[in-house]
Amino acid sequence: MSATATAVRASVLDRVLRDYRSIAEDLPGDALAHAARARAAAQLSELGWPSVRDEQWRYANLRAFERLDAFRPPAAVGAALALALPAAELPAAVPGFERLIYLDGVRVDGAQPQLAGTAGNAGEPAAAWHWSAEQRLGLLCDMFAGDTARLHVHGQAAIEILFMTSERAAGAAVYPRLQLQLEPGSELKLIERHLGAAAAPALVACNVTIELARAAVLTHYRLQHYGRHTLFADNLWARLAEQARYTVRSVAVGAGTARTSARVQLAGRGAALAWQAIAVGRGEQVHDTALKVEHSAPDTSTEELFRGIADERARIAFSGHIHIEASAPGSQARQSLRGLIEGAQAEIDLRPRLEIQTDEVKAAHGATTGRLDEDLLFYMLARGLDRQTARALLKWAFLSDVLREIELPALRTEAERLAAGQLQDVQAVGALS
Amino acid sequence: MSEPSAPMLEIRDLHARVGGQPVLKGVSLSVRAGEVHAIMGPNGSGKSTLAYVLAGRPGYEVISGSASFEGRDLLALAPEERARAGLFLGFQYPVEIPGVNNAYLLKTALNAARREHGLAELDAFEFLALVRSKTQLMHIDESFLGRGVNEGFSGGEKKRNEILQMLVLEPKLALLDETDSGLDIDALKVVANGVNSLRCAERCIVLVTHYQRLLDHVVPDFVHVLARGRIVRSGDRTLALELERRGYDWLSEQAAA
């Protein structure tokens with residue numbers, strides 16, 4: 001029966017390419033942009049659609065992607081629509097941050113202000129990144145994206161980007177794209193937030209590319225709380241020059257299926273990455289992250305912290321691959337991956353992997369998955385806390401390694417609210433911090 | 001002549017097992033309000049098991065016998081209900097809970113007990129005022145309150161923190177499991193001071209200990225020796241001194257005979 005079904009229904013790759021060809025000429029951009037889209041389409045058809053047989057895609061919910069019908073973005077929205085955005089639907093502003101809003105993949109916050117510390121939308125940067133097979137879903141966004149949030153930072157800046165989706169995009173696909181370029185010694189605090197209507201859209205395929213020049217510092221907060229009907233394909237590529245520092249603090253609670261494919265290249269001496277992420281899933285949610293870090297210069301460092309909680313029938317996977325090349329003596333890598341299984345049918349798969357090709361490195365990794373620690377629970381019960389409160393506190397404590405790193409109070413409150421929203425007991429207990 | 005008061009804690013012929021192995025083999029003990037009892041015994045005699053069984057730790061299975069607290073069937077209560085009824089277990093190895101704030105845990109525990117007894121909950125200021133006076137008594141730096149529960153505490157700090165919790169919760173029955181182990185002499189005195197400050201006619205204290213040195217500072221009314229799962233001898237504090245002189249072997253041999 002399934003063979004027949006396959007024969008009747010075109011493969012997902014065929015559907016992608018068919019949709020692309022049908023609208024390619026109408027997509028915005030000059031001849032160069034069109035050529036870039038065509039290259040992406042050619043590369044995707046050459047690589048083919050990912051398969052669970054491939055180690056890097058084993059835990060991704062590819063079936064959900066295969067059920068997708070439409071890869072076309074919705075018809076372009078005008079700024080007029082944005083003005084109709086009810087302020088109540090927008091998250092509270094974070095003090096000190098300038099805000100950009102993209103609705104269904106297109107910038108809608110009206111004017112094009114000159115943001116402090118940035119050079120605004122300055123032409124196409126050189127396409128330094130290259131989506132590897134592990135990040136091939138990044139090609140989708142390169143084929144279809146109609147707009148790009150492009151930030152060129154010199155000096156200091158604090159910017160919040162809201163990638164919002166609306167019900168207009170139901171049954172369509174949305175392609176947010178963010179390109180960051182930080183000049184030597186510049187510093188950016190960036191909040192990247194993905195949120196949207198409960199019913200829409202079917203697919204959000206997002207690309208983020210980041211280039212940090214010498215001694216540039218980027219602190220990148222990522223909050224993802226799309227509705228449960230959305231599939232989120234998230235692709236991130238970053239390259240760090242010498243002494244550059246990149247910190248990611250990520251809280252993912254939304255989308256029915258979310259896949260993050262990230263690759264960070266520590267290309268200059270002393271470059272440092274800190275990746276601190278939380279994923280909390282419940283219901284049928286599937287969250288899967290594949291992060292690859294490449295140390296190719298001496299004295300580079302990685303610190304990776306992942307905390308995942310899977311409730312009900314949720315599945316959470318995190319694969320952390322750190323490759324320390326022969327050219328990177330003196331490097332350090334620390335990985336701490338922890339999973340907490342709450343639901344009887346929930347699943348967590350953590351795969352730490354350190355690949356080291358030079359001596360003189362300091363590396364440590366740990367990965368543990370389990371249920372709530374009975375000894376800790378008993379300690380709290382023996383103090384008279386009721387079971388629900390004790391469990392809530394322990395779940396909260398489990399996430400606190402990452403949450404307490406969010407040093408902006410307003411953002412931390414928001415991140416905590418999102419995490420608590422996924423944890424029943426925690427909601428019942430109320431404010432915990 | 002007035003009738004002696006009913007025991008606050010009454011244990012009768014208690015048998016319990018851990019991991020399928022029988023550990024308690026018929027323990028009986030009566031503790032009245034106002035009394036301090038010491039339970040001593042060699043390693044593996046069942047002292048900690050007795051404490052855990054009374055506190056309701058999962059995996060510590062009662063086979064037969066009974067334990068009542070103020071006339072209530074203690075063994076029928078969940079661990080948290082026992083705590084709110086006024087039983088406090090001071091842990092031999094207090095756990096670290098990073099991410100759960102010491103003060104938050106303690107305030108939540110205190111207010112749970114107050115609700116149980118129909119008292120108004122303390123707000124943050126009232127709680128802080130209460131806990132502050134106790135931290136001074138226990139020589140605990142106030143900054144510890146803001147840290148994770150026992151997070152990064154030394155062994156002695158953890159034990160002092162247990163006693164601090166006890167002082168704030170003011171239990172009716174304090175069950176202290178080897179609270180003296182791992183303490184230097186100064187810390188031992190601080191802990192003993194804390195315990196003594198709770199001694200009163202409405203409360204009873206059961207000290208589980210391997211060594212008699214704590215009993216120099218917290219003088220018990222009764223001393224019991226637990227060996228091979230039974231209380232093999234009871235006496236006053238001179239029994240503890242005799243144990244220090246002669247060791248446990250002679251009693252263990254008697255128990256085996």
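**Chain B and its interface with chain A**

Chain B has 257 residues and a radius of gyration of 18 Å, which agrees with the value near 18 Å that a compact globule of that length would have; this radius is taken over C-alpha atoms, and the globule rule is 2.2 Å times the number of residues to the power 0.38. The model is predicted, so local features need pLDDT of at least 70 and side-chain atom pairs count only at pLDDT 80 or more, while totals for chains, interfaces and linings use all residues. Residues are numbered from 1 along each chain as its sequence is written, chains are lettered from A and ligands numbered from 1 in the order in which they are written, and side-chain values use heavy atoms, with hydrogens and water left out.

Along its principal axes, the C-alpha trace of chain B spans about 60 × 45 × 40 Å. The chain contains nine helices and twelve strands, taken as DSSP runs numbered from the N terminus (H or I of at least four residues for helices, E of at least two for strands). Of its 257 residues, 52% are buried, that is, under 20% relative accessible area, with exposed meaning over 50% and partly exposed in between (1.4 Å probe, protein chains only). Where contacts in chain B join residues at least 6 apart in sequence, 68% of them link residues at least 24 apart, a contact being heavy atoms within 4.5 Å.

Turning to the interface, 31 residues of chain B are in contact with 21 residues of chain A. Together the two chains bury about 2,100 Å², 67% of it on carbon and sulfur atoms, where buried area is the accessible area (1.4 Å probe) lost on putting the two parts together, summed over both. On the chain A side, the residues losing the most area to chain B are A:Phe378, A:Tyr379 and A:Arg383, together 39% of what that side buries.

Three salt bridges are counted between the chains, each a side-chain nitrogen of Lys or Arg within 4 Å of a carboxyl oxygen of Asp or Glu; one of them joins the side chains of B:Arg57 and A:Asp375 at 2.6 Å, N to O. Helix H7 (374-381) and helix H8 (387-403) of chain A each supply at least two residues of the side that touches chain B.
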